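I opened the model to go through its loops, sheet, helices and charged pairs. These are my notes, in the order I looked things up.

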Amino acid sequence: MTHLKRLFSTDSVKGTRNYLNTQKKYEIIRTILYFGISLSLFAAGYIQTGRRGNLLGIVAVLGCLPASKSAVGTIMFLRFHSCTDKAASQIEEHSQGLCCLYDMVFTSYKKNYVVSHLAVCGNTVCGFSENEQFAENEFYKHIGDILKLDGHKNVTVKIFTNLSRYMERLEQMKALEQDENGTATVTATLKSVAL
């Protein structure tokens with residue numbers, strides 16, 4: 001499977017541009033492969049013995065467990081879309097020098113929060129969501145609790161749904177004092193809790 005993942009280049013690394021679209025393809029191919037292996041084992045056992053109750057049939061049924069888990073992952077990724085190329089190219093013009101994450105999906109018990117782009121600078125996190133009905137207040141509470149649990153204090157989080165205002169904020173963030181250690185630890189936390 002690692003060879004298959006390499007086919008999709010660095011886009012399959014969480015936080016990179018087009019991660020969600022690439023991960024969808026990977027999950028679909030993996031699911032088809034897993035079910036194909038189980039089906040071929042079942043067919044081989046049936047052809048060899050002439051009945052369903054055989055050792056290969058049992059292995060095939062057990063092989064459906066990872067295949068089903070992979071199918072659930074596929075369904076999760078099919079629900080979300082990567083940042084549009086138009087928005088991503090405009091963001092890239094204003095985000096040089098900042099630690100950036102693309103295609104971040106944060107899940108909670110009540111809601112999923114899709115953030116197309118995040119920029120992290122020390123204890124400041126700003127993001128852009130292409131969903132104009134983005135539930136900002138609920139997201140702030142959700143991600144704030146996660147950051148506090150991981151030991152990050154005084155982290156400010158702001159999500160924009162207006163691209164031009166977000167690009168202005170990116171320019172302002174470039175002027176902030178660069179805290180590489182703080183940026184790295186906040187980024188690691190965000191990546192660890194995202195889909």
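I started with Asn-18, which sits in the loop between α1 (2-6) and α2 (19-49). The model is predicted, and I keep that in mind for every value below. Asn-18 has a positive phi of about 70 degrees and is not a glycine. I looked up its cover as well: Asn-18 is partly exposed, with a relative accessible area of 22%.

I then turned to another asparagine, Asn-154, in the loop between α5 and β4. Its phi is also positive, near 60 degrees, again in a residue other than glycine. Is Asn-154 buried or exposed? At 67% relative accessibility I note Asn-154 as exposed, because the cut-off for that class is over 50%.

**Salt bridges**

I counted the salt bridges and got six. I looked at Arg-17 and Glu-92, whose side chains meet in a salt bridge at 3.0 Å, N to O. This pair links distant parts of the chain: Arg-17 is in the loop between α1 and α2, Glu-92 is in helix α4 (residues 85-94), and 75 residues separate them. Arg-17 is partly exposed at 22% relative accessible area. Glu-92 is partly exposed too, at 34%.

Next I checked Asp-145 and Lys-141, which form a salt bridge with their closest N and O atoms 3.2 Å apart. Both lie in helix α5, four residues apart, or about one turn of the helix. Asp-145 is partly exposed, with a relative accessible area of 34%, whereas Lys-141 counts as exposed at 56%.

I also looked up Lys-174 and Glu-171, a salt bridge with the closest N and O atoms 3.5 Å apart. Why are these two separated by about one helical turn? Because they are three residues apart in helix α6 (residues 163-174). I have Lys-174 as partly exposed at 30% relative accessible area and Glu-171 as partly exposed at 35%. Going through shared partners, I found that salt bridges join Arg-17, Asp-85 and Glu-92 into one network.

**The sheet**

I traced the strand order next. There is an open sheet of four strands, ordered β1-β2-β3-β4, with mixed pairing. Its edge strands are β1 (99-107) and β4 (156-160), each of which pairs on one side only. On average, neighbouring strands are turned by 30 degrees against each other, direction ignored.

I went through two of the pairings. β1 and β2 run in the antiparallel sense and share eight bridges. They form a hairpin, with four residues between the two strands. In this pairing I located Val-105, whose bridge partner in β2 is Val-114. How many bridges hold for β2 (residues 112-121) and β3 (residues 124-128)? I find five, also in the antiparallel sense. Here Val-120 stands opposite Val-125 in β3.

I looked for what covers the sheet. Helix α5 (residues 136-149) lies across β1, β2 and β4 and runs at about 145 degrees to β4.

**Thr-183**

I picked Thr-183, which lies in helix α7 (residues 180-193). Its relative accessible area is 9%, so I list Thr-183 as buried, the cut-off being under 20%. Which residues is it in contact with, leaving aside neighbours within four places in sequence? I noted Cys-99, Val-120, Cys-121 and Gly-122.

**Helix α3**

I finished on helix α3 (residues 55-78), the place of Val-59. Val-59 counts as partly exposed at 38% relative accessibility. Together with Leu-55, Ile-58, Leu-62 and Leu-65, Val-59 makes a nonpolar surface patch of about 520 Å².

Leu-56 lies in helix α3 as well. I have it as partly exposed, with a relative accessible area of 27%. Not counting residues up to four places away in sequence, Leu-56 touches Leu-41, Phe-42, Ala-44, Gly-45 and Gln-48. I also took the C-alpha to C-alpha distance from Leu-56 to Ala-43, which is 8.6 Å, for two residues 13 apart in sequence.

Technical notes. Residues are numbered from 1 along each chain as its sequence is written. This is a predicted model: local features need pLDDT of at least 70, side-chain atom pairs count only at pLDDT 80 or more; totals for chains, interfaces and linings use all residues. Side-chain values use heavy atoms; hydrogens and water are left out. Two strands pair if DSSP finds at least two bridges between them. Axes are lines fitted to C-alpha atoms, for helices over the stretch in contact, and angles run from 0 to 180 degrees between N-to-C directions. Contact means heavy atoms within 4.5 Å. Buried means under 20% relative accessible area, exposed over 50%, partly exposed in between (1.4 Å probe, protein chains only). Patches are made of residues with over 30% relative accessible area and no salt bridge: like charges are joined within 9 Å, nonpolar side chains (Val, Leu, Ile, Met, Phe, Trp, Tyr) within 5 Å. Accessible areas come from the Shrake-Rupley method with a 1.4 Å probe; for residues, only the protein chains shown count as cover. A salt bridge is a side-chain nitrogen of Lys or Arg within 4 Å of a carboxyl oxygen of Asp or Glu.
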